[in-house]
Amino acid sequence: GSNFIAGVFIQAMNKKMSIYDAMMRGLLTPGTALVLLEAQAASGFLTDPVKNEKLSVKEALTAGLIGRDFYEKLLSAEGAVTGYTEPYTGHKISLFQAMKKEFIVKEHAIRLLEAQIATGGIIDPVYCHRVPVEVAYQRGYFDQEMCQFLCNPKNQTRSCFDPNTHENLTYTQLLRRCVPDPDTGLLML
């Protein structure tokens, strides 16, 4: 998967910037910036659209791409790809298992799964490739109730604020409004 919102493009100035930088400049609300960065992290990495670099959450913090205020939340989102460590046994568990054991709030887990679906499919924690929702269910990554919930477009969370139209949208809807950066091909809001 690679179709995620990588950054913000200011057409009038012909300038691109990172999501965190856009938030610091008041172009994005902190809530929308966090959702967009979580979607990147849940897809495997954070993107610096200016340098066209892919970074882990830890690398992004060191590089100044994100601030310490988002660090822990983005580490949690990155766990959707890398797995979560079960505190009692030390074993790696999936996003859904972490949600079931209440290590992750259900609404947060759903947002991360929605971001994975919007950007190419559920990430298989064993083989690190993407699979459709139905295949993820067949492999036991989540239960039938969650599968039905994720397959119904009416259930998608409207957690993204479009700064151009002032509408609350789903990640997928906001993704469709992005334009590709002519230099990198990255999708920009």
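Me: Is Ile104 buried or exposed in this predicted model?
Reply: Ile104 sits in the loop between α5 (95-100) and α6. Buried means under 20% relative accessible area, exposed over 50%, and partly exposed in between (1.4 Å probe, protein chains only). The model is predicted, local features need pLDDT of at least 70, side-chain atom pairs count only at pLDDT 80 or more, and totals for chains, interfaces and linings use all residues. With a relative accessible area of 6%, Ile104 is therefore buried.

Me: Which residues is Ile104 in contact with, leaving aside its neighbours within four places in sequence?
Reply: Contact means heavy atoms within 4.5 Å. Residues are numbered from 1 along each chain as its sequence is written, and side-chain values use heavy atoms, with hydrogens and water left out. Leaving aside neighbours within four places in sequence, the contacts of Ile104 are Ser76, Tyr84, Leu95, Ala98, Met99 and Ala109.

Me: How are α4 and α6 oriented to each other?
Reply: Helix α4 (residues 68-82) packs on helix α6 (residues 106-118) at an angle of about 55 degrees, with the axes 10 Å apart. Angles under 35 degrees count as roughly parallel, over 145 as roughly antiparallel, 65 to 115 as roughly perpendicular and the rest as oblique. The two helices, α4 and α6, are therefore oblique.

Me: What is the phi of Glu102?
Reply: Glu102 is in the loop between α5 and α6, and is exposed at a relative accessible area of 70%. Most residues other than glycine have a negative phi. Glu102 is not a glycine, yet its phi is positive, at about 65 degrees.

Conventions. Axes are lines fitted to C-alpha atoms, for helices over the stretch in contact, and angles run from 0 to 180 degrees between N-to-C directions. Helices (H or I, at least four residues) and strands (E, at least two) are DSSP runs, numbered from the N terminus.
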